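Biologist: Hi! Could you walk me through this model, one question at a time?

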Amino acid sequence: MINWLANPARFTRISARALPWCGWTAAVVLCVGLFWSLVLAPPDYQQGDTVRIMFIHVPAAWMALNIYLFVAVASAVALVWRHPLAEIAARAAAPMGAAFTFVCLATGSLWGRPMWGTWWVWDARLTSVLILFFLYLGYIALVNAFDDPSRGGKAGSILALVGVVNLPIIKFSVDWWNTLHQPASVMRIGGPRIDISMLVPLLIMTAGFSLFFLALLMLRMRTVLNERKAGTLRLNAGVAPAPRPARERAMPAHPGRS
Amino acid sequence: MAGFIGLFRRDLRLALRQSGDTGLVLGFFVLAVVLFPLGVGPEPAILQRIGPGIVWVAALLAALLSLDRLFEADYQDGGLDLLVLSSLPVELAVLAKCAAHWVATGLPLALISPFLALLVDLDPGAILVLSSSLLIGTPALSLIGSVAAALSLGARRQGAVLSILVLPLYVPPLVFGAGAVEASVAGAGGRAYLLILAALSLAALAFCPWASAAALRQALE
């Protein structure tokens with residue numbers, strides 16, 4: 001299975017067919033989910049209409065965590081089996097994970113203002129998600145910090161695996177520390193403690209976010225593959241590689257090392 | 001084992017003879033702490049409240065400042081290649097380097113922290129907890145830092161990359177280290193925090209050498 005998937009040409013072929021389907025389904029599901037959650041779903045008996053922020057906030061938080069897990073698993077696969085696509089996938093997914101984390105933090109802040117009376121509290125859940133955001137930024141910075149892209153990919157893979165320690169801390173922070181953020185109400189033992197009229201749009205939004213992520217992931221991976229192909233073609237044709245920005249060229253890559 | 005001790009002594013000797021290294025880190029630590037009373041005002045009540053956090057944050061930044069010393073010079077002159085090729089396992093080499101780094105930075109930081117605690121008006125009991133929290137927590141700083149230092153070898157703008165990698169990972173020692181002192185100031189006793197801090201250091205001792213060794217191997221490929 002892994003070997004079958006490891007073929008970039010096969011991936012390009014399959015993703016070319018899957019990408020439009022995935023993208024359009026994501027668009028339709030997101031439209032349905034947004035309409036359902038912003039118009040059809042009932043307002044909360046306590047929170048009124050502000051509860052609708054949940055339909056963005058909670059799926060974004062789930063995506064933030066799951067994408068990190070995806071990056072970490074892809075990194076492990078890349079390190080262990082030297083899987084060429086896994087590294088590209090991890091690298092392509094990280095900025096999207098950072099974006100979802102940011103959406104989660106921003107919507108949470110907007111939701112906290114009317115409900116808790118503050119934009120931000122140093123609650124364990126909020127702090128650990130903020131650290132997740134910085135971990136994403138660190139990963140992105142490290143991956144792009146090397147002249148040799150494969151070097152950056154490997155360093156990033158190790159960092160992604162080190163950062164996995166933060167995931168259980170985020171997940172269980174609301175149980176370990178009794179703080180302002182409410183404990184889990186959907187993914188809990190004994191079934192979700194949320195009314196079905198809100199759970200359905202929530203799940204639709206989650207599906208829409210996931211499809212959107214999948215479509216963008218394929219698009220970004222295809223872009224990277226095409227870029228590399230173009231680089232190889234240019235090299236074979238004997239044309240000099242595209243010049244890098246001046247500030248990078250001004251600095252010698254490494255004085256003591258070729 | 002002889003290789004381990006030899007490497008430890010070599011690194012320690014280098015750190016102590018290049019007198020700028022340890023002195024610079026300690027000087028930075030003292031200056032960073034001194035800046036806070038100048039910035040927030042000299043009221044003893046405020047300083048007592050934020051003192052433990054200030055000392056811990058300054059210790060984090062001082063440790064960060066010294067991290068490039070761990071591998072960078074050996075990477076530049078090729079000594080690191082020899083280390084990786086030698087019969088000593090890379091994990092043990094990392095451990096020896098971290099131990100030397102801790103003795104040259106973490107230990108002095110913990111030793112001079114009582115004097116800095118006087119500057120922020122902590123009482124004797126709190127000073128004891130602060131120094132022991134630094135003593136217990138700084139090994140974790142050296143070990144976690146070694147992973148980031150190994151990962152960022154040869155990166156462009158290495159200093160910036162190093163700090164963005166390492167500071168998020170330094171949050172747990174900071175929270176529990178400063179928390180121990182605050183708990184003891186509040187009268188709750190810092191014992192639980194110190195135990196968690198010790199657990200963090202031990203976990204770092206168990207895992208970080210492997211991660212650093214993996215990072216070193218891929219850096220030298």
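Biologist: What percentage of the 221 residues in chain B is made up of buried residues?

Modeller: First, a word on ground rules: this is a predicted model, in which local features need pLDDT of at least 70, side-chain atom pairs count only at pLDDT 80 or more, and totals for chains, interfaces and linings use all residues. Residues are numbered from 1 along each chain as its sequence is written, while chains are lettered from A and ligands numbered from 1 in the order in which they are written. A residue is buried if 20 or more other C-beta atoms lie within 10 Å of its own, exposed if 12 or fewer, and partly exposed in between, with C-beta atoms placed from the backbone. By that count, the buried share of the 221 residues in chain B is 49%.

Biologist: Which element of chain B has the highest mean pLDDT?

Modeller: pLDDT is the predictor's confidence in each residue, from 0 to 100. Chain B averages 88, and 99% of its residues score at least 70. Helices (H or I, at least four residues) and strands (E, at least two) are DSSP runs numbered from the N terminus. Among the elements of chain B, H4(B) has the lowest mean, 86, and the highest, 92, belongs to H7(B).

Biologist: What share of the contacts in chain B with a separation of 6 or more comes from residues 24 or more positions apart?

Modeller: Two residues are in contact if their C-beta atoms, placed from the backbone, lie within 7 Å. In chain A, 76% of the contacts between residues at least 6 apart in sequence join residues at least 24 apart. For chain B, the share from residues 24 or more positions apart is 80%.

Biologist: How many of the 28 residues of H7(B) are buried?

Modeller: H7(B) is one of the helices that each supply at least two residues of the side of chain B that touches chain A. The helix is largely enclosed by the rest of the structure, so its buried count is 23 of the 28.

Biologist: Which residue of H6(B) carries a kink?

Modeller: H6(B) covers residues 90-119 and reaches 42 Å from its first C-alpha to its last, close to the 44 Å expected. Its kink is about 40 degrees, shortly before the proline Pro114(B), and lies at Ser113(B).

Biologist: Is Ala62(B) buried or exposed?

Modeller: Ala62(B) sits in helix H3 (residues 44-66) of chain B. Leaving aside neighbours within four places in sequence, Ala62(B) contacts Val25(B), Phe28(B), Phe29(B) and Leu109(B). Phe28(B) is 34 residues away in sequence, yet 6.3 Å away C-alpha to C-alpha. With 25 C-beta neighbours inside 10 Å, Ala62(B) counts as buried.

Biologist: What is the phi of Arg157(B)?

Modeller: Arg157(B) lies in the loop between H7 and H8 of chain B. Arg157(B) is partly exposed, with 13 other C-beta atoms within 10 Å. Phi is positive here in a residue other than glycine, near 45 degrees.

Biologist: How many residues does chain A bring to the contact with chain B?

Modeller: The predictor gives the complex an ipTM of 0.84 and a pTM of 0.84. Ala, Val, Leu, Ile, Met, Phe, Trp, Tyr, Cys and Pro count as nonpolar, Asp, Glu, Lys and Arg as charged, and the others, Gly among them, as polar. On that basis the side of chain B that touches chain A has 11 nonpolar, 4 polar and 3 charged residues. Chain B brings 18 residues to the contact, and the number from chain A is 19.

Note on methods: Expected span 1.5 Å × (residues − 1). Bend = angle between axes of the 7 residues up to and from the residue.
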